[in-house]
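Subject: Structure for you to look at

Dear colleague,

I am handing over the structure we spoke of, together with some notes on what came out of it. Please read the notes with the coordinates open beside them.

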Amino acid sequence: WILLGGFKQIGVGTPQNYSETIQVASSEVKSAEISLDAGASEIKISTADQLVAATASLTSNFATLEQNSNTSGSIQKINFSMKSGDIWFGSFKNQWDIKLNRNLPISFNVNAGACDADIDLSLAKLNAVDIDMGASSLVLKLGEIQSITNVNIASGASSITIRVPNNSGVKLYIDDGLNSKELADLKLSGNKTYESNNYNSASKKIDITAKIGVSSF
């Protein structure tokens, strides 16, 4: 490293892999709230039929993985994040691979910068998912295990694809800038609101709120 103007400058090195496994805290835990603070990253998230609450792997050439877990009543709260060093220069590399327990009802939150995210929660007992990201590419796949799933997405200039089961009732509220929208068979039902024909009658519902900048949706 070199000391310039009082700041330590460290060149980016060889990517290292870090992993964490979070156990289900106790038999009293009935659901989980899981969050990811990802920075600018490539993100892959899926589910697994596992006994642990969640596992996370980070491959990075400038940051390490941190985790925190605590319980509040019957809810286990888990956070994964990156801890970076000083001021870095060079090409950054951050790759996340996270697997969530598919047998535990979960709410999932992602806070990221510019990212390339592939999130498959189709087999999760998903109550809600909240994604806040910068200029990004996102593919989100949802299932129909819970009676209702709430989805919130906020992003800058992005390409966003959401895949939902054919039989689910879908309601979409989209507050957007200049963008291209392809909404399958969703019909305009109100101000910036679209619904599938079966929304009122469907036993499984997905409610999506999207606040996005210049995007392809």
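Predicted model: local features only at pLDDT ≥ 70, side-chain atom pairs only at ≥ 80, totals over all residues.

I begin with the largest nonpolar core, which comprises 49 residues, and in which Ile43, Ile45, Phe80, Trp96, Leu121 and Leu140 have the most contacts. Strand 10, spanning residues 106–121, gives this core its largest share, namely 8 residues. As general background, nonpolar side chains tend to be buried together in soluble globular proteins. If neighbours within four places in sequence are set aside, Ile43 is in contact with Leu36, Ala38, Trp96, Val110, Ala112, Cys115, Asp116, Ala117 and Asp118.

The largest pocket holds about 520 Å³ of space, and its lining is made up of 21 residues, with Ile162, Val164, Leu183, Ala184 and Leu186 lying nearest the centre. Sorted by class, that lining has 11 nonpolar, 8 polar and 2 charged residues. Strand 14 (158–163) and strand 15 (169–176) each supply at least two residues of the lining, and the largest share, 4 residues, comes from strand 14.

Setting aside neighbours within four places in sequence, Asn179 is in contact with Gly213 and Ser215. Asn179 also lies 8.9 Å from Ile212, C-alpha to C-alpha, although the two are 33 residues apart in sequence.

With best wishes

Definitions and conventions. Residues numbered from 1 in each chain as written. Heavy atoms only, no water. Core = buried A, V, L, I, M, F, W, Y, C linked by side-chain atoms within 4.5 Å. Buried < 20%, exposed > 50% of the residue type's maximum accessible area, 1.4 Å probe, protein only. Contact = heavy atoms within 4.5 Å. 1 Å grid on protein atoms, 1.4 Å probe; cavity = no way out; pocket = protein on both sides within 12 Å on 5 of 7 lines; lining within 4 Å. Points joined across faces, edges and corners; volume = space filled by probe spheres on them. Nonpolar A, V, L, I, M, F, W, Y, C, P; charged D, E, K, R; others polar.
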